[in-house]
Amino acid sequence: MSDAVPEVFPPTLREVLLRPRWIGMLIFCLVVAGVFAWLGQWQLGRAIDTDPVPEGATEVVRPIAEVVEPGAYLPEPFVGQKVEVSGWWIGPDFLIVESRFNDGVEGYWVTGQFRLWDGELGLGQGPQTSIAVALAWAPTREDAEAAAIGMEGVVDTVDIGEPAVLRGRLVSDEGPAMPPRGEDPQTMTRMSPAALLGQWTDVEGLSVYRPYLVSDDPTGGMGDNALVAIHSPAPSQGSSVNWLNIFYAAEWAVFAGFAFYIWYRLAKDQWEKEVEELEDAAAAASMSAADPEPVTAPDGPEPARG
């Protein structure tokens with residue numbers, strides 16, 4: 001009579017999940033999910049503007065010093081902000097920018113360097129700061145160049161002791177661009193203060209604003225000309241909800257849930273593997289018990305036949 005093989009019961013899924021190894025994995029997943037949840041909350045906080053710019057705020061004329069500093073990027077709430085500056089035009093620096101559209105019609109902009117007044121010292125005294133100004137639009141290059149030459153002549157006759165006052169709308173820098181192939185290397189097709197600075201005069205030690213100013217007055221306070229004011233409407237009121245950030249926040253929430261799913265899936269795979277191994281071992285033992293090895297006769301002489 002053979003000894004009975006003790007029956008081995010497979011572990012339950014709960015028993016596998018409560019093992020120290022998988023408890024440690026769960027704690028790690030909790031940390032990962034916590035980081036994902038924090039990132040989702042951060043994205044959600046950026047998605048909803050709790051303090052939107054009041055409608056019409058950009059149309060209230062403000063001193064430029066309250067809006068942006070020289071060399072700094074224009075903050076998003078102040079894009080299109082109306083500002084007022086005082087200073088002087090720099091005569092030789094009226095330049096032309098091509099491919100400018102005004103109410104859907106392509107033409108040219110006349111631009112200039114406006115040296116700001118600090119409220120105390122005069123032109124050329126103390127630290128110098130300038131802003132690029134888009135003055136007016138012309139339908140042809142000839143008209144734009146003639147106006148630029150005329151403005152330069154007017155500036156040469158203006159009393160530099162009296163700063164001019166200029167109002168307009170602040171617009172972000174468009175960035176420089178290479179001129180079309182075969183064109184003059186000095187040709188400009190974008191309103192970029194950085195590109196204009198490369199052609200301005202008297203720029204040693206000069207601070208420059210990154211955004212540019214679209215002048216309300218096409219003459220810039222320098223008398224009449226045949227140019228047209230640049231069409232610069234108020235910026236549209238944007239939505240206070242950024243749906244792209246909300247989508248990102250939802251993604252982080254999904255990632256946090258996926259961390260727990262990975263933990264559960266790995267633990268369940270381990271449980272299924274152990275159950276399968278026990279079942280295979282039990283099946284092999286059952287087959288061995290049901291099919292014992294045949295008994296063989298001992299070796300010896302073959303019995304005589306009668």
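Modeller: Start with contact: it means heavy atoms within 4.5 Å. Among contacts in the protein between residues at least 6 apart in sequence, 74% join residues at least 24 apart. This is a predicted model: local features need pLDDT of at least 70, side-chain atom pairs count only at pLDDT 80 or more, and totals for chains, interfaces and linings use all residues. Residues are numbered from 1 along each chain as its sequence is written, and side-chain values use heavy atoms, with hydrogens and water left out.

Colleague: Why is I23 called partly exposed?

Modeller: Buried means under 20% relative accessible area, exposed over 50%, partly exposed in between (1.4 Å probe, protein chains only). I23 has 33% relative accessibility, so it counts as partly exposed.

Colleague: What makes W252 and F255 an edge-to-face pair?

Modeller: Rings of Phe, Tyr and Trp (its six-membered ring) pair if their centres lie within 6.5 Å; planes under 30 degrees apart are stacked, over 60 edge-to-face, the rest tilted. The centres of W252 and F255 are 5.6 Å apart and their planes are at 85°, so the pair is edge-to-face. Ring pairs also link F36 with W252 and F255 into a cluster.

Colleague: How do you know that R210 lies over the face of Y73?

Modeller: The rule wants NZ of Lys or CZ of Arg within 6 Å of the ring centre and within 35 degrees of the ring normal. R210 lies over the face of Y73, at 4.1 Å from the ring centre. R100 lies over the face of W109, at 4.8 Å.
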